[in-house]
Each structure stands twice: as C-alpha cells, then as structure tokens.
Amino acid sequence: MTTPRALCLTALISVALCATAFSQPADAANPDPAPASSVAAAQSENAVHASNTTGKPTLAEAEQWMAQTETELNDLTVKLSRAQWVQANFITDDTEEMSAEANERLITAQTRLAEQVKRFDGMKFPPELDRKFKLLKLSLFSLPDKKDREDFTRLASSLEGDYGKGQYCPTTGKFTGKCLSIGDIEKIMASSRDPEELKEVWVGWRTVGAPMRERYVRFMDLQSKGARELGFKDMGAMWRSNYDMPPDQFSAEVERLWQQVQPLYDSLHAYVRTQLIKQYGADAVGRNGMIRADLLGNPWAQAWGNVYDIVGPKDSKGRGYDLTGILKEKKINELGMVHYGENFFKSLGFAPLPKTFWERSLFVKPRDRDVVCHASAWDIDNKDDLRLKMCIQIRDEDFVTVHHELGHNFYQRAYNHQPFLFQNGANDGFHEAIGDTIALSITPAYLKQVGLIDTVPQSDDTALLLKQALDKVAFLPFGLLIDQWRWQVFSGQVQPADYNKAWWTLREKYQGVMPPVTRTEADFDPGAKYHIPANTPYMRYFLADILEFQFYRAMCRDAGHTGPLHTCSFFGNKQAGAKLNKMLEMGMSKPWPEALKELTGEDHMDASAIMEYFAPLKAWLDKQNAAAGVTPGWTPDSNPQAGLY
Ligand SMILES: [Zn+2]
C-alpha cells in the first residue's frame, strides 16, 4: 500500500479511512502498506478569510491562499499522524476517540477548502502553482449537504467496521462452534488440501459481504456526488485523474499493460491448472478451462505462492537455501533484520536512518497491549521522524517486507524538502514499487555478499522464478480488476442489481477463475475483499507490480549487470543508487513520466521488464504445457455466477 497521506490525497476520503486502511492487511500478495500522515485540517480561523472575499482574485492572492493552505494541511497532518501512531500502538477506547476527533476536523476542513478553491477556477497560473491546485483538488472531497456528509462518514466507518469485525461461525462441520476471522481463514486456505473444507471456508467468508450491499449502493452514490461537486464526471474518473493524463487514457493505459503481460499469465494459469487436476482430479478444477477460485491457496485467489508445494517441479533442487533457517541459525533478531534492510539502502549511497527511527519504531509485538501488527511505514513530521511499525517474525517473507517498508521510508525522506502538496510518490504505484524493487535484488549472490550464506547454492532457476511468479504474476489480473469493477459502479455502467454478476464477469475474464458454488445477487462478493468496504483504490498495486521490474531493470543496467535479469543484484552500486535518489527526491512535483525518465530513461510504464525477468520461466511453462497437451486459455461462462456445484 501507499502512505495514508497518499491515500487521503488521492482517494479523497476522510482520515478515518486513511487511518484504518493502513492498519489492515493490504493484501497477501503485496504485504503491507505504509501509513504516515494524512491531509488533515482543523479549522484555523485565519484560513477562512479568503472565502469571504468577493470578486476575481489576483495571482498574489492565489499564491497566498495556497501557501496558507499548505501550512495548515501540514500542521494538521503532523498532529493527525501522532494521534494515529498512538492509536495503532496503544489500542484503547481513548486513543480511538482521539483519532476520530482528528478525522472530523479533517472532513470539516476539506469541505471548507473545497468551497474556497472554487474561487480560483479558470485562473491561469505558473506551472508549479497550477500543479498544486490540481493536486489539492484531487485530495479534497465535498458534500455540501450536511445529511450527505453524515451519511458518508457513517457508511464509511460501518462498512469498514463490518469487515474488520467479520467472522465466519459455522454451525456444522469441522469448525463447528468456532468463529473464524479472516486471519484464520487465510491460514486454512494456505494449508488445507481438502477441497470440501476449502469450499466451505471460501463460501463462509463471503457471508461477511452480503449484508453490506444496500449500504454500499448509497456509499458509492455519495462519492460520485462529491466528485461531481468538484467537477469530475464521477468518483472513478476522479481516481483516474491522479495519473497526469485524462481518465479515459489511463483506462486504456492499464489495459495496454495488461495485454503485454497476459501471455505470461495465461501460461502460468494453464500450468497451474494441470497440476491442480493432478492433485484434485478433473472435477475439482473447473469448467471451460477456468480454475476453481478456492483451490489457489488464498481467499481471493490473488496470490498463489501457498500452493507451491502442489504445483512446483517435483525433481527440483528448489531455491537451494532456506532463508528462514539461516536467520534463525545466525541468531539474527528483529532489529538485525531491519539493519539488513537499511544496509541495502546505505550501500546505494543513502544516508543512514535517523537515530529517532531506532528509538521510536515498533519492531517486536508487545506482550502487554494490543497493537495494530500490520506492517506500515510512517513519516510523522513530514521531515525526518520516520518510523516502522511491524511485528517482525524471523522468517524469509518478513525479511522481504522489511525492505518493502523501508522503501516507503526512504522515499518519504527523499522528498521531504518539497512543498507539502508534492510530498508524495510520483504516482501511487511508484510508492509501492520502491521497496519491492530493492527486494528483487535479494538473490543468492546477494545473500553471500552480506554473509548470510557461505557459498552461492546450486539453485534451480525454475524453482526461484516459479515461486516469484505464483505471487507476482498471478496477482496481475486481480490487481487490475478490482478497480475496473469499481469504475463501472461509480459511473453507473453497472447497476446495483448486477453488482455480483459484474464482479464475476471480470474475475472470469481476467483471472480465469470461477466460483466453487453458484453465486447470486443475494451475495455481495466484492465486500469480502478489504479494499472494497475500506474504499482503498487498488490500481496502485497493479502498477507497482509492473513498475518494480521496470525500475529494477534500469538499476541493473546502471550497475552493469550482464546475464539473465533475475540474477541481478545492484547491492552496493552507488551509480544506480544516485539515479534512484534523483527520482525519489522529485516526489510528486512533476508529472510521473518525468520522474520515471530520471531513473529509467523511459517515459512510459512498460511491462517488457517483468516479461524479461520471467522469460526463462515462460519458456519452461510453455514446454510443460505443450508436453501435457494443454492449450493455455479458458472460456468465460455465459452465466458468470454459475458455480461448479
Ligand atoms: Zn507498501
């Protein structure tokens, strides 16, 4: 995920959403989010006078108003971050109340600013000021009607609250008498190999979504109403306006990127399907070539790494090393893992993290109080009060997550000299991609370089790449379709009577998965995915999944890497680091293609890097598929909600 601040700015909503959006599992594929600050704004008396002036404002007035607004937002953001940090680290009724109060101040201020900013509509500004007005507008939300505002905030918190409290409490079967949280269900779906059990918990978790449907209709209507107040066609168009191009062009852009990667996804899909048939039998997999959605190791079939034991090559040497085992054997503790992450950035030429980072972060789950354990990266004062909040476990996936989070922190610090409205990722996909770009460099050769292993093991490249692809390639269509669905709902193209049908139409079209049991419009399956009730935009994860490979390829070029792309580690390369820093320190001050160009020399998002990275795997998959006599692809059902049973 991105910083809460980025969320608030781009997604428009209230801090309540921002705050909680970060404290929840973002998604298993892309481990975490990074909170930080939020656009707040308590009513400060001196900020109001601009709106009281009548007549055409002058350029000087516009400049003054903007400066004042940035100062106000910055101050409130810092205060809000502190309240949110305390809340996340000491969950009590009091800290929740304090955070909620900060939220209310934000909404009030946003509404006021949305009204005031209209005064400057149609004025011509110098480029920097013009960009600030654009970004400010994209961060605001306006519902002038008090009842609408109340409904909106109530709906926002009740939908997200329902997801957070959601449980499946079966009255029959193996889990009778228990109530399963989403965490329990994720564990079951990761490890169970019993198709009946998988089907049961898959269906069971979706009972959380159904009761949200009526409220969700009004919630989406109100958002589009708010977006129209600010001059956007609907809220989907407003979300898509965050990418320095017209909304329709952005839709075409993500579709173009999808077309680039689709052949790779299709090959992986066909191969995994064959292996699942071997495991579960022909009936257990699906119709028309689609895969049953509950058999892929994850409640949403969004990342498939958990079924590696079923689908991985049987005669393989595997990765050749076990990082979890090494960390334990070498007695590397939580703090030690963070030092490895910091050390990577230092090796690229970045300054060490400030002393306060080590004093104020949370690295270990406390024994005596409730905290939000979900990993996140914070920038409390928008300067250098950087923090990590994570209940680190000594295991390989947390080693990667630490790098991901620190990517947010180093980005935040790199742009801290920018004006407030430019303190953000070039676009929200960039913020998510940085840490993962670094993590792609965690190769066996790198582990030897930093002394975690003594010799570079005889790894099997297919095993290494397949494990990566089950998460990063399998995620692509999922990352794409969440907002495709929401854009259609926001625009009215999909009506409430067809919510679930439209959802499954996209799931079948892009992912090639089908429900294990028949779904109807009495269900609301989108509601069973956190980012829908929490209202968090999702396209950033799709973009990050593509961008991280593009960044990585560019840095590998700078580091003079030769050989297959996936064997590159740019650890220790100052030249690659300097280029990365150039991009990071721009923040959001320029359109993202200019930032991209600093690092890569390219001004378009380009999936050819992820294709190059996985090229050896693609060749291997195609060979396996041909040997099995399997043609990649599937045919979506005429009734997309029809299940296997
Ligand atoms: Zn993140």
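A crossing of two helices is left-handed if the near helix is turned anticlockwise from the far one by less than a right angle. Keep that in mind for the first stops of this tour, which runs through a predicted model.

**Stop 1: helix 10.** Select residues 213–229, which form helix 10. At 1.5 Å a residue, these 17 residues should span 24 Å, and the end C-alpha atoms are 25 Å apart, so the two values agree. Now colour the buried residues of this helix: Y216, M220, L222, Q223, S224, G226 and A227. Among the elements that cover them are helix 7 (146–165), helix 11 (235–240) and helix 21 (475–491). Just after helix 10, pick G231, where phi is positive at about 95 degrees.

**Stop 2: helix 7 against helix 10.** To see the contact, show D148, D151, F152, L155, S158 and L159 on helix 7, then R215, Y216, R218, F219, L222 and K225 on helix 10. Sorted by class, this contact holds six nonpolar, one polar and five charged residues.

**Stop 3: helix 21 and helix 22.** Helix 21 passes helix 22 in a right-handed crossing. On helix 21 the contact is made by P477, F478, L480, L481, Q484, W485 and Q488, and on helix 22 by A502, W503, L506, R507, Y510 and Q511. These residues divide into nine nonpolar, three polar and one charged.

**Stop 4: helix 9.** Select residues 195–205, which make up helix 9. Its buried residues are P195, L198, K199, E200, V201, W202 and W205. They pack against helix 8 (182–191) and helix 12 (247–280).

**Stop 5: two positive phi values.** Most residues other than glycine have a negative phi. Pick K331, in the loop between helix 14 (323–329) and helix 15 (334–347). Phi of K331 is near 55 degrees, a positive value in a residue other than glycine. Is K331 buried or exposed? K331 is exposed, because 8 other C-beta atoms lie within 10 Å.

Then move to N535, in the loop between strand 4 (513–514) and helix 23 (539–558). N535 is not a glycine either, and its phi is positive, about 60 degrees. N535 counts as buried because it has 23 C-beta neighbours inside 10 Å.

Stop 6: Pick N382, in the loop between strand 2 (376–379) and strand 3 (386–389). N382 has 21 other C-beta atoms within 10 Å and is therefore buried.

Finish at G601, in the loop between helix 25 (592–600) and helix 26 (608–613). With 11 other C-beta atoms within 10 Å, G601 is exposed. The C-alpha atoms of G601 and D436 are separated by 20 Å, and these residues are 165 residues apart along the chain.

Terms used:
Residues are numbered from 1 along each chain as its sequence is written. This is a predicted model: local features need pLDDT of at least 70, side-chain atom pairs count only at pLDDT 80 or more; totals for chains, interfaces and linings use all residues. Helices (H or I, at least four residues) and strands (E, at least two) are DSSP runs, numbered from the N terminus. The expected span of a helix is 1.5 Å times one less than its number of residues. A residue is buried if 20 or more other C-beta atoms lie within 10 Å of its own, exposed if 12 or fewer, and partly exposed in between; C-beta atoms are placed from the backbone. Two residues are in contact if their C-beta atoms, placed from the backbone, lie within 7 Å. Ala, Val, Leu, Ile, Met, Phe, Trp, Tyr, Cys and Pro count as nonpolar, Asp, Glu, Lys and Arg as charged, and the others, Gly among them, as polar.
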